[in-house]
Amino acid sequence: MKKFFVFLFFVNLLFAGDRFEFVILKHKNFYKGHASSYRNFLEYLNDTTSIDPPLKVKEIEIGEEIFDYPFLYLGAKGSFPDFSRQSLELLSRHLNSGGFLLIDEIEEYRQGEFLNSVKEFCKKIFPELKLEKIPNDDVIFKSFYLKPKVSGRKLKSNFLYGINKDGRWVVVFSPNDLFGVWARDEEGKFLFECIPGGEPQRLEGIKLSVNLVMYSLTGSYKQDIIHRKFIEMKLETW
Amino acid sequence: MVKIYFFLFFIVLLLTVRKRLNIFSGISVFLLFLFIANPKYKVRKPGPKKEIAVILDVSKSMSTKDCEGKTRANVAKRIIKNQMLNLKKYFKIKFFVFGKNFKEVSQKEFFSKNPLDNATAITKNLNRISANISENAVMFLFSDGRNNQSNESFFKNPLVSIGVAGQRQDDAGIKIISYPQDGFKGVPFKVVFSVRKTNNLDKVKLRIWEEGKILEEKILEFEENKKNFSVDVTPQQTGKNIKYVFEILPQDSNVSNNSEEFSIPVFKSNFNVLFISGRPGWEYRNLRALIKANPKINLTSFVILRNPTDYIPFPENQLSLIPFPVREIFLKDIKKYDLVIFLNFYYKRFLNENYFSLLSQHIKEGAGLLLIGGEQVFQKGEYYKTPLGGFLPVEDRGTFKEEKFKIVASKTHPVTSTISDILKGSKSFLSGRNEVIIKEKCDVLLKTQRQNPLCLVSEAGKGRVGIILTNGLWRLRFENLECAYFYQEFYRNLIAWLLKSPIMEEISISGRRDYYSGEEIFFTIKVKGFENKKVYTEIHGNNFKEALNPVMKEPGIFEVRERISRQGVFKLVVKVFEKKLLKAKKSFNFKIEKENIEKADLSPDFDFLKKISLETGGKYFYWKDFDIGEFARAEVFAREIFPARSPYFLVLMILSLGLVWLK
């Protein structure tokens with residue numbers, strides 16, 4: 001009974017209002033990188049932005065519960081998980097209703113195989129749409145930081161991939177182990193080296209991950225006319 | 001006889017000469033000479049006064065100012081007045097005026113009568129007048145000849161007609177047939193009108209005025225049998241009563257019937273919305289996307305992406321953030337926005353309450369304000385303490401409760417009435433709710449199942465205010481298609497209501513506001529969300545009430561038609577019932593007047609006057625050529641006096657001759 005009350009308290013605390021929550025989709029395969037990555041990321045969001053998310057990372061399986069969380073993180077290592085038809089339908093409904101799915105290839109398995117699996121996965125959810133390269137001048141690259149480079153712990157591609165539905169990126173795929181850049185050890189040191197670019201690559205990965213969350217929360221906000229002028233002025237100082 | 005007189009004269013002369021000329025014989029001879037010569041002289045003397053009828057056309061067309069800047073009626077009166085002395089001297093005058101009917105009037109009444117009659121029956125009235133004057137009386141008719149209500153031309157008295165009007169005999173007129181109940185700025189609406197012409201005009205220029213400014217000009221070309229035209233009018237101004245004047249410019253003789261006007265409310269079709277969110281969140285994302293999808297809304301939105309206390313370990317030029325332009329928005333541009341939305345916006349981090357003064361004034365003048373709650377706001381009366389507090393329906397002192405709840409929508413308010421049933425089957429819970437103190441009378445649109453208010457609206461001067469006590473409505477978008485539809489429609493309707501858009505009106509009525517007696521009145525009624533509703537229509541007037549049968553032409557659109565022979569001010573009352581409960585009511589005022597066929601054609605018809613004058617042996621004059629004195633002189637008589645035939649002269653002459661004889 002006590003457990004039940006504690007559970008309710010957490011559920012209520014995390015659900016309230018429209019606050020962003022980081023939700024990792026659980027599946028049968030390896031589904032998340034180093035545990036500290038996500039916590040560090042959320043702390044960073046807390047310190048640097050007004051998103052102020054709860055620091056607790058939620059891990060859920062695909063079910064009706066996903067409809068409480070518009071932002072979903074799907075990490076995988078090795079091979080892409082094989083979701084049931086029912087799970088795919090739920091995901092499809094979620095994304096069509098305004099949800100956002102970030103797929104992160106935590107570690108490569110074989111060159112290109114993961115990307116192909118993501119393509120097949122996306123085809124099952126959106127048969128009429130294609131996974132495409134996201135242009136580097138897309139609003140994702142302006143949503144908080146200006147022009148972050150496509151990055152991650154292991155840089156394999158200079159592009160993000162995504163499914164664009166009615167002008168909105170509903171699925172974004174990073175092949176570079178994006179959240180690997182956030183992992184720290186107990187002493188606070190970064191756990192993994194960023195290959196091949198080192199620390200500058202890590203900084204770009206930090207910026208990009210913030211931008212992706214910000215994009216999921218604000219959409220094409222930074223494309224509004226009022227912002228364009230300022231952004232252009234700032235870029236001139238680069 | 002003359003020979004006898006001369007014989008007698010010479011006998012008297014011989015006798016006189018033979019006897020001896022004396023005084024008596026001389027006088028007798030002279031008298032006899034005068035008698036025979038019978039001299040005469042003339043004495044001028046007026047003849048007996050003859051009766052005439054002076055008849056003035058007082059139909060509306062006689063008020064046309066086409067006689068050197070004066071009205072036709074006034075010119076006729078001036079001509080008669082100038083000749084009044086002569087007329088009275090020689091004639092016995094009867095004064096008549098006529099329009100649809102005639103009336104014998106006094107001289108004073110005659111000159112004070114204004115041309116207001118709505119029809120002209122020239123021949124019918126001449127016929128009647130003819131029966132009211134003596135047989136040989138002459139009728140002097142002052143008219144423009146526009147005969148629009150009679151064909152009789154049988155009257156016995158001679159008619160002298162005087163054509164009083166400008167020389168030109170062309171005229172064109174316009175009549176509006178239909179126009180919409182309201183319009184939207186920049187969105188064309190259709191106006192149907194008819195153009196009547198009396199000459200060989202093959203085209204006219206149409207000029208459309210909006211509130212005294214020329215809106216558009218176009219050429220209307222007449223085709224055979226084509227009288228009705230329709231044009232699209234694109235409003236450029238907004239307001240409750242925007243006046244449109246349709247004017248045709250054929251340069252005809254009478255311009256008084258060349259234009260018609262109507263007034264309708266014109267609403268904005270494009271709205272400026274300012275949306276400020278205290279932080280990025282799902283409510284912002286979804287509501288922004290919804291507003292952005294509406295092509296009629298120009299959205300300016302700001303999201304606070306970073307709080308003043310946040311530290312970012314990157315140079316400023318690597319951030320896409322822009323400074324929040326507080327001064328520009330709240331002190332300069334705020335009046336550009338028709339609706340201002342604050343979502344979970346704790347303004348105290350960026351500005352103080354004085355910045356809301358202009359916004360407060362703007363809302364009282366007609367703008368909308370929507371405050372959406374969240375965990376950052378509505379807790380310490382932060383909005384209540386600003387100039388906005390005066391018209392907020394709540395006092396925002398309370399707590400943000402992180403509890404779950406289901407929502408129930410109002411069945412009666414137009415924002416939710418059509419969608420309230422959707423949520424009945426919803427299983428999902430929303431979360432996060434602000435508790436506030438309800439301050440004054442307001443409408444509750446959404447509440448929790450436990451009756452806690454979630455959305456309240458109220459009027460604020462000329463503007464409107466809405467308060468949503470949760471930032472968790474976005475969850476409805478994920479529930480299912482029906483709930484997503486509710487979310488979308490709720491916000492769409494609420495924004496439309498706050499913007500006072502006519503799409504939120506339960507009933508809208510369109511039709512003309514003026515009709516002629518006996519003309520078919522015609523109205524179109526649109527009923528919002530008409531399913532399961534009954535529509536009743538009635539016409540109310542002074543001591544008059546009639547139920548009409550509305551005919552549904554398509555879902556939600558009804559028509560009513562009726563002919564009313566009465567005149568006066570009426571109103572069409574539309575009532576919508578749902579389950580025997582009155583859901584909405586609206587009325588539409590209109591008036592019914594006597595038909596004014598004068599207005600349709602004001603051109604003079606001198607040929608007609610000529611024709612009827614000649615038929616009676618009379619004469620036709622154009623007013624500039626007419627002189628009534630001519631007729632007065634013709635009636636003056638001279639008398640011849642023969643003094644040598646007077647009885648006195650004869651007695652004197654006989655006495656004189658007798659004296660001569662006796663001597």
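Predicted model: local features only at pLDDT ≥ 70, side-chain atom pairs only at ≥ 80, totals over all residues.

Me: How many helices and strands does chain A have?
Reply: From the N terminus on, the elements of chain A follow the order α-β-α-β-β-α-β-α-β-β-β-α-α. The secondary structure of chain A therefore comes, by the DSSP runs, to six helices and seven strands.

Me: What share of the residues in chain A is buried?
Reply: Chain A has 238 residues. A residue counts as buried under 20% relative accessible area. On that basis the buried share of chain A is 55%.

Me: How far does helix α3 of chain A reach from its first C-alpha to its last?
Reply: Helix α3 of chain A covers residues 85-96, twelve residues in total. At 1.5 Å a residue the expected span is 16 Å, and the helix comes close to it. From first C-alpha to last, α3 of chain A reaches 16 Å.

Me: Which element of chain B do the buried residues of α3(A) pack against?
Reply: The buried residues of α3(A) are A:S87, A:L88, A:L90, A:L91, A:S92, A:H94 and A:L95. Within chain A, they pack against β1, β3, β4, α4 and β7. In chain B, the element they pack against is α10.

Me: Which residue just after α3(A) takes a positive phi?
Reply: Helix α3 of chain A covers residues 85-96. Just after this helix there is a positive phi of about 120°, and the residue that takes it is A:G98.

Me: Is A:F83 buried or exposed?
Reply: A:F83 is found in the loop between β3 and α3 of chain A. Leaving aside neighbours within four places in sequence, A:F83 is in contact with A:H27, A:I62, A:L74, A:L88 and A:F121. The relative accessible area of A:F83 is 11%, and the cut-off for buried is under 20%. A:F83 therefore counts as buried.

Me: How much area is buried between chain B and chain A?
Reply: The contact takes 44 residues from chain B and 51 residues from chain A. In chain B, B:W282, B:R285 and B:F478 lose the most area to chain A, together 19% of what that side buries. Carbon and sulfur atoms give 53% of the total. The area buried between chain B and chain A is about 4,300 Å².

Me: How many residue pairs are in polar contact across the interface of chain B and chain A, and which element of chain B gives the largest share of the side that touches chain A?
Reply: The rule finds 23 residue pairs in polar contact across the interface. Elements giving two or more residues to the side of chain B that touches chain A are α7, β16, β20, β22 and α10 of chain B. That side divides into 18 nonpolar, twelve polar and 14 charged residues. The largest share, six residues, comes from α7(B).

Me: How many salt bridges does the rule find across the interface of chain B and chain A?
Reply: Side chains of opposite charge can pair when their charged atoms come close. A:D224 and B:K292 form a salt bridge, with N to O at 3.2 Å. Across the interface of chain B and chain A, the number of salt bridges found is five.

Me: How many residues apart in sequence are the parts tied together by B:E365 and B:K335?
Reply: The side chains of B:E365 and B:K335 meet in a salt bridge at 3.3 Å, N to O. B:E365 lies in the loop between α9 and β18 of chain B, and B:K335 in the loop between α8 and β17 of chain B. B:E365 is partly exposed at 46% relative accessible area, and B:K335 is partly exposed at 37%. The pair ties together parts whose separation in sequence, in residues, is 30.

Notes:
Residues numbered from 1 in each chain as written. Chains lettered and ligands numbered in written order. Heavy atoms only, no water. Contact = heavy atoms within 4.5 Å. Buried area = accessible area lost by both parts, 1.4 Å probe. Salt bridge = Lys/Arg side-chain N within 4 Å of Asp/Glu carboxyl O. Polar contact = N/O pair within 3.5 Å; in protein donor to acceptor, adjacent residues only side chain to side chain. Helix = DSSP H or I, 4+ residues; strand = E, 2+ residues; numbered from the N terminus. Nonpolar A, V, L, I, M, F, W, Y, C, P; charged D, E, K, R; others polar. Expected span 1.5 Å × (residues − 1). Buried < 20%, exposed > 50% of the residue type's maximum accessible area, 1.4 Å probe, protein only.
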